[in-house]
Amino acid sequence: MSSLLLGCIADDFTGATDLANTLARAGMRVVQTIGVPDDTSRPDADAVVVALKSRTAAVSDAVAQSVDACRWLRRHGAGQIYFKVCSTFDSTPQGNIGPVLEALMDELACAFCIVTPAFPETGRTVYQGHLFVGDSLLNDSSMRDHPLTPMTDANLVRVLERQLSAGKGRRVGLINLRHVAAGAGQIRERMAELQSQGCSLAIADAVTNDDLTRLGAAAADLPLICAASGLAIGLPRNWGITPSATAALLPPADGRRAIVSGSCSTATNAQVAHFIHSGGAAWPLDPLRLDAGSGDALAAQADEVAAWAERHWRAGPHRAVLVYSTARADDVQAVQSRLGAQRAGGLIEQALARIACRLVAQGARQLILAGGETSGACIGALNVTRLQIGRQIDPGVPWCHAHSPVAGEKGMHVALKSGNFGATDFFSRAFTTLA
């Protein structure tokens with residue numbers, strides 16, 4: 001078994017497949033695990049991405065999970081650790097990016113770390129330390145109204161510094177585009193300069209893939225880096241790895257098709273609308289109906305959805321069915337005001353996870369899960385522990401192959417889509433891509 005080159009810790013499941021997809025496209029043999037695996041089960045791969053559900057967890061839980069993952073990866077030889085965060089830097093003023101990052105720096109005795117959520121393929125760029133989503137600053141994008149992690153400040157130096165522990169005295173600097181464009185040598189000089197000024201972290205500008213490639217080369221000797229998946233574009237070159245068509249091969253696909261969507265993002269809402277307007281079979285989940293005071297309400301909706309899906313599949317064996325809880329921001333706020341944000345989110349996750357299991361039990365073997373929290377809940381309920389990464393559908397979203405006790409010995413194909421990712425016709429086109 002070859003040694004592990006790169007160990008990755010992702011703070012949600014869709015982000016993990018996003019990163020694994022980028023590494024696979026660059027030629028690495030990649031396996032994604034769901035949670036920290038057993039010591040005896042390390043895959044034979046160049047990179048392992050440990051997917052955690054820590055982005056919106058309590059800070060102490062997020063830190064503990066991340067350090068545990070780091071220790072496992074280091075025990076198996078990972079020379080560099082990659083802390084993967086969202087390309088919109090999803091977090092609250094308390095974290096979890098800052099606290100986890102500091103804990104990993106302590107664990108690795110890391111003196112300096114670069115941080116960049118830039119991912120130009122999906123319209124995320126960083127300039128003068130400010131994060132842009134397309135042509136808009138982060139705080140002017142739809143992320144401003146995110147129900148769990150509203151982002152109201154585009155200045156990432158300021159955002160990250162607010163999350164750091166005052167007692168540890170770490171400061172955040174900036175590697176601006178002028179330094180990045182000048183190449184890896186100039187980036188290293190800027191890192192040394194910042195360290196001499198007392199900075200132990202630096203937000204790095206990047207507006208193109210070439211910028212990310214230069215940053216990747218400059219970061220070759222750093223024990224820890226923190227980024228969205230974009231920075232992974234150039235990392236495999238540091239080990240002499242180049243793109244390979246065989247790195248993303250999956251078993252042939254068959255079986256019924258289903259989509260389970262819990263994201264409230266603008267992109268996913270548009271994808272749901274496109275699917276419905278194109279004649280797709282769709283079932284809207286009613287969060288208020290789930291609040292009946294017992295598990296019976298969840299079971300009742302799962303039974304109804306299962307019967308509804310069976311009718312559509314019998315009428316058209318290759319037809320995809322969609323179950324969704326996506327809604328406009330004002331609808332989300334109405335539900336949260338009635339149930340509370342945590343209760344509403346928890347009920348929806350439980351319902352969608354139960355529904356996903358029922359659909360797979362009925363023969364769904366091509367499954368799209370939309371939304372980070374939704375993906376985490378459904379993958380957990382399906383008892384999936386490992387994903388093999390395959391072809392990309394859209395930037396940041398690959399098809400994967402997984403084994404689940406619910407799916408049987410041949411396993412199933414699954415795509416974990418971040419709420420903000422994918423073109424408007426994503427749901428319809430994804431199955432054609434797999435075929």
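Predicted model: local features only at pLDDT ≥ 70, side-chain atom pairs only at ≥ 80, totals over all residues.
View 1. To the contact, domain 1 brings 28 residues and domain 2 brings 29 residues.

**View 2. The area buried between domain 1 and domain 2.** The size of an interface is often expressed as the accessible area that is lost when the parts come together. Between domain 1 and domain 2 this buried area is about 2300 Å², and carbon and sulfur atoms give 59% of that area.

**View 3. Salt bridges and polar contacts between the domains.** Two salt bridges are counted between domain 1 and domain 2. A salt bridge in the model joins Lys53 to Glu349, with 3.3 Å between the closest N and O atoms. Across the interface of domain 1 and domain 2, eight residue pairs are found in polar contact, with both residues of each pair at pLDDT 80 or more.

**View 4. The side of domain 1 that touches domain 2.** Helix α1 (13-25) and strand β2 (30-34) each supply at least two residues of this side of domain 1, and the largest share, eight residues, comes from α1. By residue class, the side of domain 1 that touches domain 2 divides into eleven nonpolar, eleven polar and six charged residues.

Methods. Residues numbered from 1 in each chain as written. Heavy atoms only, no water. Contact = heavy atoms within 4.5 Å. Buried area = accessible area lost by both parts, 1.4 Å probe. Salt bridge = Lys/Arg side-chain N within 4 Å of Asp/Glu carboxyl O. Polar contact = N/O pair within 3.5 Å; in protein donor to acceptor, adjacent residues only side chain to side chain. Helix = DSSP H or I, 4+ residues; strand = E, 2+ residues; numbered from the N terminus. Nonpolar A, V, L, I, M, F, W, Y, C, P; charged D, E, K, R; others polar.
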